[in-house]
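Subject: Structure handover

Hello,

Here is the structure we spoke about. Please load it first; my notes follow below.

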Amino acid sequence: QSTACVRVCVCVCMLLAAAIPLGLSLSPPATSASALSTRDACLLFGALAEPLVHLDPEVGACCHSACSDCEWRLPDGGYRFDVLKATKPKWVPCYLRRDFGDERGCHEPRWASALFPGGGEVTRAQFGEALAGLGFEMPMGPRGSVGADGGVPESAADALWAWLAGDGDALTPEGARTRLQAMAEDPQAEGAVGEGPDHLVWKEFAKALGAKPFEMIV
């Protein structure tokens, strides 16, 4: 038994000796500095999300009642939809503008019009000012409730900018859309019109920013 213990100690010492010159860390990995609290992620999502998203303009009149014989039903059991609506903010649309050209109208996401009012690139300072002006409504998805008396914290704005623009000094609407789509559970999805993911829900948004989507907000 003592011989076995000696062998174990020798092996451990050999591993430690090999790790040091290679610069390997023996401590647990540090938590990402950019990870957001669930509360702050909720404040961001509630500022960007809305209760409306435009999908496929080719879909005709539909009662949205999940009828088994619906002509817009897909082989996998899902459905094609033209417009989705909710009673509270639920989705962050991942497009800049969709015009159906009929009574269903044109939809420009509020984040696109508010963060990029001229349609061109913005600086970090302009982005932060516009984000603060978006306001907040408690969205669908997060557990608990958040008041928005203090607005979006600067650290949360920094985290969102870092995801959207990286180390860049400016951000374009197209760049923001692409990075929002990268948050999707399946970023390679074609979406309703072949332009990539159409929208984000809370879980996708929170996880991309390092927050815990199922944590209770108190």
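Start with Phe45: at 0% relative accessibility, this residue counts as buried. Buried here means under 20% relative accessible area, exposed over 50%, and partly exposed in between (1.4 Å probe, protein chains only).

Before the rest, the ground rules. This is a predicted model, where local features need pLDDT of at least 70, side-chain atom pairs count only at pLDDT 80 or more, and totals for chains, interfaces and linings use all residues. Residues are numbered from 1 along each chain as its sequence is written, and side-chain values use heavy atoms, with hydrogens and water left out.

Aromatic rings

There are four aromatic pairs in the structure. Rings of Phe, Tyr and Trp (its six-membered ring) pair if their centres lie within 6.5 Å; planes under 30 degrees apart are stacked, over 60 edge-to-face, the rest tilted.

One of the pairs is Phe45 with Trp202, edge-to-face at 5.7 Å centre to centre and 65° between the planes. Phe45 sits in helix α2 (residues 38-48) and Trp202 in helix α7 (residues 202-208), so this pair ties together parts 157 residues apart in sequence. Helices (H or I, at least four residues) and strands (E, at least two) are DSSP runs, numbered from the N terminus.

Phe45 also pairs with Phe205: the centres are 5.4 Å apart and the planes at 50°, so this pair is tilted. Phe205 is buried, at 0% relative accessible area. Trp202 is buried too. Phe45, Trp202 and Phe205 form one aromatic cluster.

Elsewhere, Arg179 lies over the face of Trp163, 4.2 Å from the ring centre. The test: NZ of Lys or CZ of Arg within 6 Å of the ring centre and within 35 degrees of the ring normal.

Helix α4

In α4 (residues 124-132), the buried residues include Arg124, Phe127 and Leu131. The buried residues fall within an arc of 170° seen down the axis, so they line one face of the helix. That arc is taken from the directions from the helix axis to the C-beta atoms. On the other side, Ala125, Glu129 and Ala132 are exposed. The buried residues of α4 pack against α2, α3 (110-115), β6 (122-123), α5 (154-165) and β8 (170-171). Contact means heavy atoms within 4.5 Å.

Cysteines

A disulfide needs two cysteine sulfur atoms within 2.5 Å. The count is zero disulfides. Cys42 is buried at 0% relative accessibility, whereas Cys106 is partly exposed at 38%.

Best wishes
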